[in-house]
Each structure stands twice: as structure tokens, then as C-alpha cells.
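Below are my notes on the model, as numbered points. Please read them with the structure open.

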Amino acid sequence: MNDRIRHYGEIVRTSLWLVPVLMGCAGFGLAVLLLSWGRGIISNAGEYWLIYAGDMDSARQLLSALLSGMITMTSLVVSITMVVLTLAAGQIGPRLIRTFIQDRTTQGVLGLFLADIVYLLVVFRTMDGERIDSVPHLAVSVGTGLTTLCLFVLLYYVHRLARSIIYDNVVQNVASELCRVVDALLPEKAEPPIPAESPGAEFTWLALHQDGYIQTLDTEALVAAARRADAVVRIEVRPGHFMIGGGEHIAVYPPEACTDDFCRAIRSAFIVGPERTPTQDVEFGIRQLVEIATRALSPGINDVFTALAVIDNLSAALAHIFGRGLEPSVLRDGDGVVRVVRNIPDYDSFVGAAFDQIRQGGSGSPAILIRLAEALGELATRVHTEEMRIPLLEQLDAVLATGEQTISIDRDLKILRERGREARDRLSC
């Protein structure tokens, strides 16, 4: 259940509509409050220069002008946002759009503008009287203040958007999100690995009959279903994998445990969608960073500096991962009986996801290969087990082999060999 809550919470957090809708409702509530109970608060509006003290016609004209201006400004904000999203999709990658959408500043600015418009509409529709004492002075004053606030917020929003499309800032934001996911999913301390053996000599395959990416796996529901059926299930797929319906996804032992209710409970524990999500997928953030680097290394862009920034942040993320343990591959019920054996990413998967495609895309760039060798050497200080050291050494061998095949300049090749030798010495300690 916690896994499902986190999944749907992630959907809400990355939605662009929820915060504006809530703030719009808040604007409606504020308008009703001031119109219903705010008229008697200010007895003589002329005594306070901040409070609007005009007549009904002037108030109606003022609110009309404010409302028109706010609608125009909101259209401008939406247009600017769409331009930034278009640029991000074309240059950084369409999968990075969620990074911009989930930004609280963007959601808050759109919400403030929507709240102001809703507030002005509610107040404006009440301006139909002809008596001076019926003018909602406080409500008009608050509407003027909200619109003034929106003007300053618009300036800040333009500044924030201009900085948000700088590659270094995008890379840093994605890396920070990756570290947050690592803290949420990986345990603080490494536990002794439990061999993930086959469920038994006789088992049957259970297919999920869905095409798409596994977004969330409700492990609590899986353990509960296996316990009720007195069975053991082995899951061959994990969050982030693309699943073809009808394939061999789950092995169940014993075969007679696969009743209709059991199969239905197992299938309902999987949430499958058209795209990957970071809810239970640590490699999601890694692949986002890799996508930025590979696009930067493409012949059409050829931005080596962005790729170098990605390598630096990937190194920091891997160091963070190495400082924590891996997810348990074996799940037990309350009595300590093994119920679920699942497929989990190991350190080799993390290192490969981080560096393989960058190494391949930057095979003709000495700067990329040299920085990869340096990054692998810097990770030596975070290596505590052979399970961490082996994938780093294998990746270093691949980097050096790539350099030997693609670098033709002796000076560049000499630097790469030196960096590789230094990294190997550090990793071998």
C-alpha cells in the first residue's frame, strides 16, 4: 500500500494543474470571505491611504482594468512556459519535461495568477449596486494588492525560467532528484545479500498480460498474496523494465497455487504505464542524466562541456549510491518464511547505466574518455566491497580499450593511459 501511495503521490507532485487549482479555490474562498464579512471591518476607508475609497463606478472600472490585465499577463506566462518546454524537449530531451513541470515555483506562479483572476471575477460580479456604502473597499484593495504582487512575481518568473534552461542547472536539478530517490529507495546500511534461488524444482509461469513499463510494484500485496496461497513467487522483471504481455514474468511455486484469485492478486500488485517513473526506479534519474549527455555529444550539438558536467554529477550520484545498501532481493512474511524473490538492480547495473552509453557516444572524444577515467578513480574512496570494485574496474578497462581504438593523437592517448593507471591503482587498494 505504501508503494501505491508513493506512486500516486509522485503523479500528483509532477502535475501542473493541482497547485493552480488549489490556489484558485483559495482565491475564490478569500473573495467570498471579504465580501461576506469584510465590509464591516473598515468603517471609514478614507482614513487609510492603502484602502480603496472610491465610489462604485470607479471600483467597477478599476476591477475591470485589473481583470483584463491579469488575463493578459496569465496568457503571457503560459506562452513563456510553453516556449521553455518546447526548447527543453528539443534540446535537452522530451523526458526531461517532467523536471520543469514538477518545479514548485512554476506551479506556484501559475496558481497565484489563477487565484488572482478568480478573486477579481468573484468581486467584480458583485459590483452592481449604486450606493457608496455598498462598495467592498477592503475586497477591492486586496485585489489591487494581489495584482501588484503578480507584477513582481512575473519578473521573478521570467528570471527563473531563463536560468532553468541553462544546462548546468538542469543537470544539477536532475542529479538532486536522483539523490532524493536513492535516499527513499535504498537502505542506509548494506545487508548481507541473500542468494535469489529458484522457487523450486516445479513451478509455473504467470504472465501479466500487459504491455508497458513497470512503474510500481506493491511488495506488501505480493507477500500477502503469496502467504495466503502458501506459495513462493520469483519476479523476473523490476520497475523500469518494459514488459511484453504474455511473457514469462513471474515464476510460482508450487504450480497448484495459481488459482484465479491468486493470479488476480499478483497482477493487481503491478502498476504498468507508458513511461518510466522514479517511484521505485533508481536508474530512472541516471538515464535522464545520460540522455542529456548523449544529446550533448550528438554531432548536431557537440557540447562536450555539458557531457563533462553530467559525468561529474553521475560520479557524485554513484558515490551516494555506494554509501548505501542494495534493496533486499528476498522478502519474507511475518513468520520469516520466504515469499517473494525479486529482481533488483545491483552496483554493476548502476555503473553500466551511468557510463556505458556516455562511453559509447563519446568514443571519439579524448576529453570524455579522460574524464570518465578520472571519475572512476575518484569513486575508489567510496568502494567497500568487491561487488562495487569489479564493475568500476570493468568500466575502466572498457574506457581504456575504447581510447586505444579511437584516439589517434599520441598526447591525448598518453594522458588517458596515465589517468587510467592512476584510477586502477586507486581502485586496487
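1. Two strands count as paired if DSSP finds at least two bridges between them. Strands here are DSSP runs of E with at least two residues, and helices are runs of H or I with at least four residues, both numbered from the N terminus. The model is predicted, so local features need pLDDT of at least 70 and side-chain atom pairs count only at pLDDT 80 or more, while totals for chains, interfaces and linings use all residues. Residues are numbered from 1 along each chain as its sequence is written, and side-chain values use heavy atoms, with hydrogens and water left out.

2. An open sheet is formed by three strands in the order S4-S2-S6, with antiparallel pairing. Strand S4 (242-243) and strand S6 (270-273) are the edge strands, each with a single partner, so one side of each has no neighbour in the sheet.

3. Strand S2 (residues 212-217) pairs with S4 in the antiparallel sense over two bridges; glycine 212 has methionine 243 of S4 as its bridge partner. S2 and S6 also run antiparallel and are joined by four bridges. On that side, tyrosine 213 is bridged to glycine 273 in S6.

4. Buried means under 20% relative accessible area, exposed over 50%, and partly exposed in between (1.4 Å probe, protein chains only).

5. Helix H10 (residues 282-296) has 15 residues and spans 23 Å from its first C-alpha to its last, close to the expected 21 Å. The expected span is 1.5 Å times one less than the number of residues. At the start of H10, a side-chain oxygen of aspartate 281 comes to within 3.2 Å of the backbone nitrogen of glutamate 283.

6. H10 is mostly covered, with twelve of its 15 residues buried. Among them are Val282, Phe284, Ile286, Leu289 and Ile292, and also Glu283, Gln288 and Glu291. The cover over these buried residues includes helices H3 (56-92), H4 (97-101), H7 (167-185), H11 (304-322) and H12 (347-361), where contact means heavy atoms within 4.5 Å.

7. The structure holds zero disulfides, a disulfide being a pair of cysteine sulfur atoms within 2.5 Å. The sulfur of cysteine 25 has its closest cysteine sulfur, that of cysteine 150, 17 Å away, too far for a bond. Cysteine 150 counts as buried because its relative accessibility is 0%.

Notes:
A polar contact is a pair of N or O atoms within 3.5 Å; within protein, one must be able to donate a hydrogen and the other to accept it, and residues adjacent in sequence count only if both atoms are side-chain atoms.
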